[in-house]
Amino acid sequence: MILTVDVGNTRIKAAVFEGNSVLENFVFQNNELETAIEKILQKFKNCSDLVVASVGNVEKQSFLIFENRLKVHFLTHEDKFPFINKYATPKTLGIDRMVLASGATLQYPRQNRLVIDAGTCITYDFIDENDNYLGGAISPGLRLRYEALHNYTAKLPLLSFEIPEEYIGNSTVQAIHSGVVNGFVYEIDGFIDEYRSDYSNFIIILTGGDAEFLAKRLKNTIFANSNFLLESLSQTFQYKIDND
Ligand SMILES: Nc1ncnc2c1ncn2[C@@H]1O[C@H](COP(=O)(O)OP(=O)(O)O)[C@@H](O)[C@H]1O
Ligand SMILES: CC(C)(COP(=O)(O)O)[C@@H](O)C(=O)NCCC(=O)O
Ligand SMILES: [K+]
């Protein structure tokens, strides 16, 4: 039994795995990390390994305090991954993106794959059928767009996500919702179309905090798997054990 933890820039997600099955999922904030893990380990006393992938702001020490209870692993660029990394700056590639690429490679062998993670940022990651990781794109996520409009202007209010009534927003509030939400959806559909013009066949994996909402609104039919990063983390850890 292993505990996987994904530290993103908005929230921390965790899951307990027994083999390939998820026993339970958890979501918490950075300041709740230690108490949340303590509770999880109280409930799942048979956890032997804690596997962390972090692109967020937490101290390693917050995990290391559990070292007397189970083995603690931080995935890094030095670990073994099942793809060939063609990124020009592999050392600065987000470990979350490496884990997503790894999960895509292991779960969907020998095909072109596009992973879209709609989290704090939207990340696009493309792994071709020969398992070359080519890179992708990074752009602001849904919440970040609302916050950026507010934080970098004098007049725009901070709004919470709402489905826009019309694409022609007829008020400040509706114009912001249209710009943020429609812009977000159009961007993703636009990228998918761009990939389609270069690659006749590829599968799309959609994940992240906004994935469920997105899946319903994209022109392209895609199913969301909100748990893909944690599943990939568990598989990447297994891959590392098998290949070390
Ligand atoms: N309870 C929530 N708290 C924060 N963000 C949420 C929540 N529910 C959905 N979201 C959406 O999830 C996105 C953040 O996704 P998430 O995958 O948690 O990010 P990260 O992995 O970068 O921490 C935000 O753009 C926001 O719109
Ligand atoms: C792009 C990211 C900020 C996305 O983070 P997230 O939205 O998952 O919180 C993260 O993958 C990161 O810090 N990447 C480093 C730069 C790169 O991947 O090239
Ligand atoms: K992301």
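Start at ligand 1: by class, its shell has two nonpolar, eight polar and three charged residues. Here Ala, Val, Leu, Ile, Met, Phe, Trp, Tyr, Cys and Pro count as nonpolar, Asp, Glu, Lys and Arg as charged, and the others, Gly among them, as polar.

Before going on, a word about what is on screen. This is a predicted model, in which local features need pLDDT of at least 70 and side-chain atom pairs count only at pLDDT 80 or more, while totals for chains, interfaces and linings use all residues. Residues are numbered from 1 along each chain as its sequence is written, with chains lettered from A and ligands numbered from 1 in the order in which they are written.

**Stop 1: around the ligand**

Keep ligand 1 selected and show its surroundings. It is surrounded by 13 residues, and the closest are Gly8, Gly119, Thr120, Arg143 and Gly209. A residue is near a molecule if its C-beta atom, placed from the backbone, lies within 6 Å of it.

Why does ligand 1 lie between domain 1 and domain 2? Both domain 1 (2-74) and domain 2 (84-233) give residues to its shell, so the ligand lies between them.

**Stop 2: the two domains**

Now colour residues 2-74 as domain 1 and 84-233 as domain 2. These bounds come from an automatic or database domain assignment. The C-alpha centres of the two domains lie 25 Å apart. Their contact takes 13 residues from domain 1 and 12 residues from domain 2, where two residues are in contact if their C-beta atoms, placed from the backbone, lie within 7 Å.

Turn to the side of domain 1 that touches domain 2. Strands β1 (2-7), β2 (12-18), β3 (21-28) and β4 (49-54) each supply at least two residues to that side, and β4 gives the most, with three residues. By class, this side of domain 1 has five nonpolar, six polar and two charged residues. Strand and helix labels are DSSP runs numbered from the N terminus: helices are H or I with at least four residues, and strands are E with at least two.

**Stop 3: aspartate 117**

Select Asp117, which UniProt lists for "binding site" in an unreviewed entry. UniProt positions are given in the numbering used here, feature names are shortened, and annotations may be inferred rather than shown by experiment. Aspartate 117 sits in strand β7 (residues 113-118).

Is aspartate 117 buried or exposed? It is buried, because 27 other C-beta atoms lie within 10 Å. The cut-offs are 20 or more other C-beta atoms within 10 Å of a residue's own for buried, 12 or fewer for exposed, and partly exposed in between, with C-beta atoms placed from the backbone. Leaving aside neighbours within four places in sequence, aspartate 117 is in contact with Leu100, Thr123, Thr207, Gly208 and Leu229.

**Stop 4**

Next, pick Asp96, which the UniProt annotation "active site" (unreviewed entry) covers. Aspartate 96 is found in helix α3 and is buried, with 26 other C-beta atoms within 10 Å. Not counting residues up to four places away in sequence, aspartate 96 touches Asp6, Gly8, Ala53, Val55 and Leu229.

An unreviewed UniProt entry also lists Tyr87, Gly94, Ile95, Asp96, Arg97 and Thr172 for "binding site". Select the set and zoom out: these positions cover 86 residues of sequence and are also spread in space, up to 40.6 Å between C-alpha atoms.

Tyrosine 87 lies in the loop between β6 (84-85) and α3 (95-107). It is partly exposed, with 16 other C-beta atoms within 10 Å. Beyond its neighbours within four places in sequence, tyrosine 87 is in contact with Leu93, Tyr133 and Gly135. Glycine 94 is in the loop between β6 and α3, and counts as partly exposed with 18 C-beta neighbours inside 10 Å.

**Stop 5: the nonpolar core**

Which residues touch the most other members of the largest nonpolar core? They are Leu3, Val52, Val99, Ala101 and Ile116, in a core of 53 residues. Its largest share, six residues, comes from α3, and the core draws at least three residues from each of domain 1 and domain 2. A nonpolar core is a set of buried Ala, Val, Leu, Ile, Met, Phe, Trp, Tyr and Cys residues joined through C-beta atoms within 7 Å.

Centre on valine 99 to finish. Leaving aside neighbours within four places in sequence, valine 99 is in contact with Ala53, Leu75, Leu229, Ser232, Leu233 and Thr236.
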